[in-house]
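Here's a quick briefing to read with the sequence and model open.

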Amino acid sequence: MFRLAHISDPHLGPLPKMDIRQLASKRITGYVNWRINRHRNHASGTLPAIIEDLKNFDPSHIAVTGDLINVGLESEVEEARNWLEKLGSADFVSVVPGNHDAYVPGAFARCCDRWAPWMTGDDQSIRADRFPYLRIRDNVALIGVSSARATAPFMATGYFRQKQALALSALLDETRSAGLCRVIIIHHPPVHRAIAFHKRLIGIDRFQRTIKRHGAELILHGHTHLPTLHHLDGNSGKVPVVGVAAAGQAPGGLKPPAQHNLIEISGSRGQWRIILKRRGLGGATAGVGELSAELLTGQ
């Protein structure tokens, strides 16, 4: 059995000090948001508790679906790299960027540079662009898709362009022919009305057409800070689309407290059994425990 751990949106803090030059951009909105909301919601002890619980289950691999940082500062990018090194080796952890990782122009490139070992496919030489990337672990194909792009103030949209759609189509066909369980990881939810209009994925219909034509076994995302389950039409049945609560979210906020997903994958070509177990904080004093378990596909 392959056990895939899924976390998202750690929004690592605290926010570094910024000078006037750094605040003279979209960063001012992120700074205000942190001071009013996020510094309180993302408690310092919450994320370590989630990671400790996750590692107790000895996962086969960890998927991180974006928003490691907050406002795209170079110091944040470096601190996130340090955090990734502690989380696990680049071979053991796969990352895709979120909108906060591309918060201002230049931030996305810095993240791609510093986090490259965790966002690179097994054979990156076969294509010039990093995304989508492919990693094969046992009989599971992990396909990392980027929806990250710098946007205007008060916007948090993601983008899925035609070039990436074509590359994703080829990877889905290739890994299906190889008899692998195909798991796509992306930051923005590829589902209509899953999030507010100004935070949506632009190119969502393109993504859904890609899945309908080429199929997949599972899609994991972040961004909403909610533990959700949707389904998309695939070429041989429904494809589960799984979201997760933010990994650093403290109890008592408007969103559910921190969670992680444990996904158990067993079976073989075309006969996959996928079980989703959600684990997280149950309240202000409760520790991390199992919140639910659900069979997504198979018998």
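Predicted model: local features only at pLDDT ≥ 70, side-chain atom pairs only at ≥ 80, totals over all residues.

Residues are numbered from 1 along each chain as its sequence is written, and side-chain values use heavy atoms, with hydrogens and water left out.

**Overall make-up**

- The protein has seven helices and 14 strands; these are DSSP runs numbered from the N terminus, with helices being H or I of at least four residues and strands E of at least two.
- Of the 299 residues, 55% are buried (buried is under 20% relative accessible area, exposed over 50%, partly exposed in between, using a 1.4 Å probe and protein chains only).
- Take the contacts (heavy atoms within 4.5 Å) between residues at least 6 apart in sequence: 66% of them join residues at least 24 apart.

**Helix pair α6 and α7**

- Helix α6 (residues 162-177) packs on helix α7 (residues 204-214) at about 20°, with the axes 10 Å apart; axes are lines fitted to C-alpha atoms, for helices over the stretch in contact, and angles run from 0 to 180 degrees between N-to-C directions.
- That's why α6 and α7 are roughly parallel (under 35 degrees; over 145 is roughly antiparallel, 65 to 115 roughly perpendicular and the rest oblique).
- Their crossing is right-handed, meaning the near helix is turned clockwise from the far one by less than a right angle, with anticlockwise being left-handed.
- On the α6 side the contact uses Q162, A165, L168, S169, L172, D173 and R176, and on the α7 side R206, F207, T210, I211 and H214.
- Sorted by class, the contact of α6 with α7 has five nonpolar, four polar and three charged residues (nonpolar is Ala, Val, Leu, Ile, Met, Phe, Trp, Tyr, Cys and Pro; charged is Asp, Glu, Lys and Arg; the others, Gly among them, are polar).

**Helix pair α4 and α5**

- Helix α4 (residues 74-87) packs on α5 at about 25°, again with axes 10 Å apart.
- So α4 is roughly parallel to α5, and α4 passes α5 in a right-handed crossing.
- E74, V77, E78 and R81 from α4 meet R110, C111 and R114 from α5; that contact has two nonpolar, no polar and five charged residues.

- Most residues other than glycine have a negative phi, and most peptide bonds are trans.
- The F131 to P132 peptide bond is cis, with omega near -5°, and P132 sits in the loop between α5 (107-114) and β4 (133-137).
- F154 is not a glycine, yet has a positive phi of about 70°; F154 lies in the loop between β5 (140-144) and β6 (158-159) and is exposed at 65% relative accessibility.
- H223, also not a glycine, has a positive phi of about 80°; H223 is in the loop between β9 (218-220) and β10 (229-234) and is buried at 8%.

- I219 is in strand β9 and is buried, with a relative accessible area of 0%.
- I219 and I143 are 76 residues apart along the chain, with their C-alpha atoms separated by 9.4 Å.
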